[in-house]
Amino acid sequence: MGILDQLIQRAGNLGKSVILPESTDSRVLQAAALLKEKKVAQPVLCGFPEEIEKSLANLGINDAGIRIVDINDVSVLNEFASLYCKQRPNVSEKVALRLVKKPLIFGGMMVSSGKVDAMVAGAASTTAEVIQAAALTVGYQKNISSPSSFFIMEMPDGKIFFYADCAVNISPDSNVLADTAIATATNFRKLMGIEPLVAFLSFSSKGSASHPDVDKVVRAVEIAREKDPSTAYDGEFQADTALSEEVAKKKLKQESPVAGKANVLIFPDLDAGNIAYKITQYLAGAKAYGPVLQGFAKPVSDLSRGAKPSDIVGVAAITCLLS
């Protein structure tokens, strides 16, 4: 059984609920049916109930077991507007009421208020829109001030690596890199059940080259260790130093808990991360699952706008496991 099937099976044992706010998209409705059928999670849709029920019927989907929340329910809207104002005192109730009527914001408030466990969106929205909605509603997790993403990379031999960030931050500074590492380490621990060994990657290994880009990575390692001293972070490493114990022994003068044994790879920018996961996928034959958004106080994740219903189910399972 592959890692995704394992995660889907584990999610099914938790009884979590996930809101899919893009209820006008047929793929989302089909994913809701699959979540219900496979008992992965309780699917929740928001929108206009009559329209959703009609769309489900047109697709031949029985809506029994799919929860539908009326996005125009005055009592719910007032509750969400009040909560939103408490989170953001500079926003008026009138503005908040207008905001929470938007599907992504409504979905985020469902998560923020504890009415559901997680949100998955992006089939019909941009990544930027999903991130903005999550930031405005659930906010960021402790010690994190920026969102990021990770991919689960399943190698042909069954080994699992987490790659970050491959989808969100184009040119991260040291603080963003550290936030990315901390969030990815936390999620690796939750999903894999073992300790993360986090390598910050560079074209340099422990001072073998000198450049401001190297300094940025070195500083990121320091920040991550300061914020999260209980996790093994190390770098800066070239990729071979991070992954091969034989190479690490030759290149490094000091012992490292991570070098040669890394299972979480933090890339210095989006160019490196995005290229790396696709090269690993297409040349090594690895399976890539993601990108999964992270860094928020409660689980919210994005989808590719080309996502199939089965893809949505996989992301929903992962997101529920992070709740």
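This is a predicted model: local features need pLDDT of at least 70, side-chain atom pairs count only at pLDDT 80 or more; totals for chains, interfaces and linings use all residues.

Visitor: OK, so is arginine 219 buried, partly exposed or exposed?

Guide: Arginine 219 is partly exposed, because its relative accessible area is 35%.

Visitor: And which side chain does arginine 219 meet in a salt bridge?

Guide: That's glutamate 226, with an N to O distance of 3.6 Å. Glutamate 226 counts as exposed, since its relative accessibility is 57%.

Visitor: How many salt bridges does the structure hold?

Guide: There are 10 salt bridges. One of them joins the side chains of arginine 189 and glutamate 195, at 2.9 Å from N to O.

Visitor: Where do those two fall on the accessibility scale, arginine 189 and glutamate 195?

Guide: Arginine 189 has a relative accessible area of 27%, so it is partly exposed. Glutamate 195 is partly exposed as well, with 44%.

Visitor: What about aspartate 234, which side chain does it meet in a salt bridge?

Guide: Aspartate 234 meets arginine 225, at 3.0 Å from N to O. Aspartate 234 counts as buried because its relative accessibility is 4%, whereas arginine 225 is partly exposed at 38%.

Visitor: Which residues are in the network with those two?

Guide: Lys206 is in there: salt bridges with shared partners tie Lys206, Arg225 and Asp234 into one network.

Visitor: Switching to rings. How many aromatic pairs are there?

Guide: The structure holds 7 aromatic pairs. Among them is the pair of phenylalanine 80 and phenylalanine 106, with the centres 5.2 Å apart and 65 degrees between the planes.

Visitor: Why is that pair called edge-to-face?

Guide: Because planes over 60 degrees apart count as edge-to-face, and here the angle is 65 degrees.

Visitor: Buried or exposed, for phenylalanine 80 and phenylalanine 106?

Guide: Phenylalanine 80 is buried, as its relative accessible area is 0%. Phenylalanine 106 also counts as buried, with 0% relative accessibility.

Visitor: Last one: which residues do ring pairs link into a cluster?

Guide: Phe150, Phe162 and Phe188 are linked into a cluster by ring pairs.

Definitions and conventions:
Residues are numbered from 1 along each chain as its sequence is written. Side-chain values use heavy atoms; hydrogens and water are left out. Rings of Phe, Tyr and Trp (its six-membered ring) pair if their centres lie within 6.5 Å; planes under 30 degrees apart count as stacked, over 60 as edge-to-face and the rest as tilted. Buried means under 20% relative accessible area, exposed over 50%, partly exposed in between (1.4 Å probe, protein chains only). A salt bridge is a side-chain nitrogen of Lys or Arg within 4 Å of a carboxyl oxygen of Asp or Glu.
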